[in-house]
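Please take a moment to look over the sequence and the model before reading on.

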Amino acid sequence: MNVSPESRTVGVGLISVGWMGKLHSRAYQTVPYAYPELGLTTKLVIAADTAPDRVDYAREVLGFAEGTTDYHDVLNHPDVDVVSICAPNFLHAEIGIAAAKAGKHFWIEKPVGRGYEETAAVQEAAVEAGVVTSIGYNYRHAPAVEHARKLIADGRLGRITNVRAVFFSGYASEPNGALSWRFDRKLAGTGVLADLFSHATDLCQYVVGPIAEVTALTSTVYTQRPKLAMGSGTHFAVIENGEMGEVENEDYAAALVRFGPSARGAGAVGTIESSRVAVGPECGYQIEVYGTEGSLKWDFERMNELKVCLGRNNDEQGYTTVNASPRHGDYAHFQPGPGNSMGFDDLKVIEAKKFLVAVTGGPQENSNIHDAASAAAIVSAAEASSLSGQWQKIEEIHGTTAARV
């Protein structure tokens, strides 16, 4: 299905009405308000969820015209131009391939597949169908990150020498946290590698460039957790004195990486570290980039700030804190001046805008299925390295939005 540039109303279908599905819905509705100059409007056509109460919520609260418990109804609906796929990880590949075959442009949360093979299958289906895709790498849209990317592209940091990325979260730090699908290899694939590490690899590639080699190690801090009946709660649920089951994937991962020849940081080295059991960080997502003429630091928990040091011989040494402002990224569409903070939900609005612009024939600035395949290749290489203890080479995937010279 093609949405012509002349048609400025885009019909939206949603699959899974959880937290992320609600965010997608609000993002679509906010785009016309945040970007009136685009002349785009959205129509919430139909939402699907296996839980009838969520279907009712989609109609009565989110504003979808129709609801269903069968996601195929969304893909077969003639008024749906784009589909948001917000289901659990183990359904992503199945639904993504089905959406491509139905000719629907789709915005899908990561990880797209439970490994590189599934992700590559979705990539192949999307390319064959010629549909526009977008991936839920929302952190890259922070105005401070966009500013960091531009500073690197403009050579302000000199030659990039090394990079450090960390994504620490405590959502699984409670030992009695429920054994949800996230800890089941059949349902989730890898653990923190697919969940958090993949975000960090995407940010490194978006800002610095393609990663060419990786060596990694992983560990599982809590090898057993109390069982949780499917659909009865989330991985935030705490169960005391429950029947224990085995955790089948990793809680922690760390990697050394080397950036490839096409990267803006060609030949640079770096570290990527992630944990889902850290006590303290809740969304401790940070990237540091060092060059011969300067460096920068960004932390999502202070997402509207960027610490920058430019020049080796300045009178003022150390970091300057730069507030995100209308000069950076899409900030001006949300706030009038520095110091007025943007939030997580705003990043999803930017993501929705980039997706809809691409769907309606505008610039292809959205993350895409090639970015997802690239991140999945790094995750698979990191897992292979953790088992073998050897460096793994990563073949560069074309068509991504990674920073390149």
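Predicted model: local features only at pLDDT ≥ 70, side-chain atom pairs only at ≥ 80, totals over all residues.

Helices and strands are DSSP runs, numbered from the N terminus, where a helix is H or I over at least four residues and a strand is E over at least two. Residues are numbered from 1 along each chain as its sequence is written, and side-chain values use heavy atoms, with hydrogens and water left out.

To say how far a residue is covered, buried is used for under 20% relative accessible area, exposed for over 50%, and partly exposed for what lies in between (1.4 Å probe, protein chains only). Ser 325 has a relative accessible area of 9%, and therefore it is buried. Contact, in turn, means heavy atoms within 4.5 Å. When residues up to four places away in sequence are not counted, Ser 325 touches Tyr 331 and Pro 338.

In the model, the span of residues 11-137 is 46% helix and 21% strand, and its end C-alpha atoms lie 23 Å apart.

Two helices to look for are α4 (residues 89-101) and α5 (residues 116-129), which pack at an angle of about 10° with their axes 8 Å apart. Axes here are lines fitted to C-alpha atoms, for helices over the stretch in contact, and angles run from 0 to 180 degrees between N-to-C directions. Angles under 35 degrees count as roughly parallel, over 145 as roughly antiparallel, 65 to 115 as roughly perpendicular and the rest as oblique. The helices α4 and α5 are therefore roughly parallel to each other. On the α4 side, Ala 93, Gly 96, Ile 97 and Ala 100 meet residues of α5, namely Glu 118, Ala 121, Val 122, Ala 125, Ala 126 and Ala 129. Sorted by class, this contact of α4 with α5 has eight nonpolar residues, one polar and one charged, where Ala, Val, Leu, Ile, Met, Phe, Trp, Tyr, Cys and Pro count as nonpolar, Asp, Glu, Lys and Arg as charged, and the others, Gly among them, as polar.

How do the axes of α6 and α8 cross? Helix α6 (residues 143-153) and helix α8 (residues 192-207) have axes that come within 9 Å and cross at roughly 45°, and α6 and α8 are therefore oblique to each other. From α6 the contact takes Val 145, Glu 146, Arg 149 and Ile 152, and from α8 it takes Leu 203, Tyr 206 and Val 207. The contact of α6 with α8 divides into five nonpolar residues, no polar ones and two charged.

The loops hold some local details of the backbone. Between β5 (105-108) and α5 lies the loop with Pro 111, and a cis peptide bond, with omega of about -10°, joins Lys 110 and Pro 111. Ser 16, although not a glycine, has a positive phi of about 90°; Ser 16 is found in the loop between β1 (9-15) and α1 (19-34), and with 12% relative accessibility it counts as buried. Asn 241 is not a glycine either, yet has a positive phi of about 60°. The loop that holds Asn 241 runs between β9 (224-226) and β10 (244-246), and at 81% relative accessibility Asn 241 counts as exposed.

Strand β11 (residues 252-259) contains Ala 255, which counts as buried at 5% relative accessibility. Leaving aside neighbours within four places in sequence, Ala 255 is in contact with several residues, among them Phe 197, Val 214 and Ile 272.

Finally, the structure holds zero disulfides, a disulfide being a pair of cysteine sulfur atoms within 2.5 Å. For Cys 283, the closest cysteine sulfur is in Cys 204 at 15 Å, too far for a bond. Cys 283 counts as buried at 18% relative accessibility, and Cys 309 is buried with a relative accessible area of 15%.
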